[in-house]
Amino acid sequence: MFRRKPTDTSAPPPDADDVVVVVDRAVNPYLVLFHEPAGYRAEQVRSLRNRLVAMNPDGEPKALVVTSAVRGEGKTVTAMNLAMAFAELERHEVVLVDADLRRPSCERYLNLNAEAGVADVLLGRVAVDRVLRPAGYRNLMLLGAGTRVGNPAEVLGGSRLDELLSRLKERFQYIVIDTPPVLPATDAGVLASRADGALLTVRLERSLKNQTREALRVLQDMGGNVLGTFVTELRGRDPDSDQRLAYDPEPGEEG
Ligand SMILES: Nc1ncnc2c1ncn2[C@@H]1O[C@H](COP(=O)(O)OP(=O)(O)OP(=O)(O)O)[C@@H](O)[C@H]1O
Ligand SMILES: [Mg+2]
């Protein structure tokens, strides 16, 4: 189990007008670990990662759910940035799992084609090792959502989910799981109850307090180990233009 400790950090957005195209891949611009690994926002995600690593002193493989109360609160982007930050650690193999079988978006955000994935494994149609694929980021693999199913709650609620997580823990140190929001669907509660920890993303100034509280209660009632919240969309000055937050090596001292 992760040790519980409140986590509160932020990854505010790049300029919303930015269109970032890297070589021939159009990757979601909010994936700051991909686009701006040296920036302040990427460092905030590393700070969250470091706290999670500190909560796991024995270094055992851990499955971590990223969710939120309602839709559009930054779950997917947070899960992906966090997975990339874990993958930066030495000798760490990491997998990002798209368990949002209702509105999957990990493949789209990475500009990859949708292929077989979680749903196909949970339905017993394919072995997980056959559908894991590189996410296009060093040491990070992707398990996409897979074939669309009409009964996602049942598919996720079956016994194969535990088998899937155990299998992934044989190979990966961190398993980061993107999920649907907690209040409209039971999926995230089910996933959180089987994972080692859950993080709740909150959009500052937009998320409603009572919905966030209700989501926390649902996760806890389901037996989820809520480790903390990740606050996105802080307003104000762009942190990357604030010199007090910059701490690059002095000229001439880079190795
Ligand atoms: N920090 C941010 N500031 C502004 N927009 C953001 C930020 N992070 C992500 N977005 C954009 O907001 C939208 C929602 O983000 P994301 O897909 O991560 O949320 P989600 O909670 O996973 O949504 P859903 O509930 O639909 O799965 C996306 O278009 C994404 O590009
Ligand atoms: Mg999402």
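How many cavities of 30 Å³ or more does a search of the whole structure find? Here are my notes, starting with that one.

1. **The cavity.** The search turns up one. A cavity here is a set of points, on a 1 Å grid over the protein atoms alone, where a 1.4 Å probe fits but cannot get out. The largest cavity has a volume of about 40 Å³, where volume means the space filled by probe spheres set on the points, with grid points joined across faces, edges and corners.

2. **Where the model comes from.** Keep in mind that this is a predicted model: local features need pLDDT of at least 70, side-chain atom pairs count only at pLDDT 80 or more, and totals for chains, interfaces and linings use all residues. Residues are numbered from 1 along each chain as its sequence is written, chains are lettered from A and ligands numbered from 1 in the order in which they are written, and side-chain values use heavy atoms, with hydrogens and water left out.

3. **What lines the cavity.** Look for Val97, Ala99, Leu161, Leu164, Leu165, Leu168, Ile177 and Leu191 around the largest cavity (lining residues have an atom within 4 Å of a point). Helix α8 gives the largest share of that lining, with four residues. By class, the lining has eight nonpolar, no polar and no charged residues. Nonpolar covers Ala, Val, Leu, Ile, Met, Phe, Trp, Tyr, Cys and Pro; Asp, Glu, Lys and Arg count as charged, and the others, Gly among them, as polar.

4. **Helix α9.** Leu191 from that lining also belongs to the buried set of α9, together with Asp187, Ala188, Gly189, Val190 and Ala192. Buried means under 20% relative accessible area, exposed means over 50%, and partly exposed is in between (1.4 Å probe, protein chains only). So is α9 (residues 187-194) mostly covered or mostly open? Mostly covered: six of its eight residues are buried. Those buried residues pack against β2 (62-67), α7 (152-157), α8 (160-171), β7 (197-203) and α10 (209-221), with contact meaning heavy atoms within 4.5 Å. Helices (H or I, at least four residues) and strands (E, at least two) are DSSP runs, numbered from the N terminus.

5. **The aromatic pair.** There's one aromatic pair in the structure. Phe86 and Tyr174 are stacked, at 3.9 Å centre to centre and 10 degrees between the planes. Rings of Phe, Tyr and Trp (its six-membered ring) pair if their centres lie within 6.5 Å; planes under 30 degrees apart count as stacked, over 60 as edge-to-face and the rest as tilted. The pair links distant parts of the chain, 88 residues apart: Phe86 sits in helix α3 (residues 75-87) and Tyr174 in strand β6 (residues 174-178). Both Phe86 and Tyr174 are buried.

6. **Pro61.** Find Pro61 in the loop between α2 and β2. Its partners in contact include Lys169, Phe172 and Asp196. Pro61 and Asp196 are 135 residues apart along the chain, yet their C-alpha atoms are separated by 9.3 Å.

7. **Asn139.** Asn139, in the loop between β4 (133-137) and β5 (140-143), has a positive phi of about 65 degrees although it is not a glycine.

How values were computed
On a 1 Å grid over the protein atoms alone, a cavity is a set of points where a 1.4 Å probe fits but cannot get out, and a pocket is an open set with protein on both sides within 12 Å along at least five of seven lines; lining residues have an atom within 4 Å of a point. Lists of a residue's contacts leave out its neighbours within four places in sequence.
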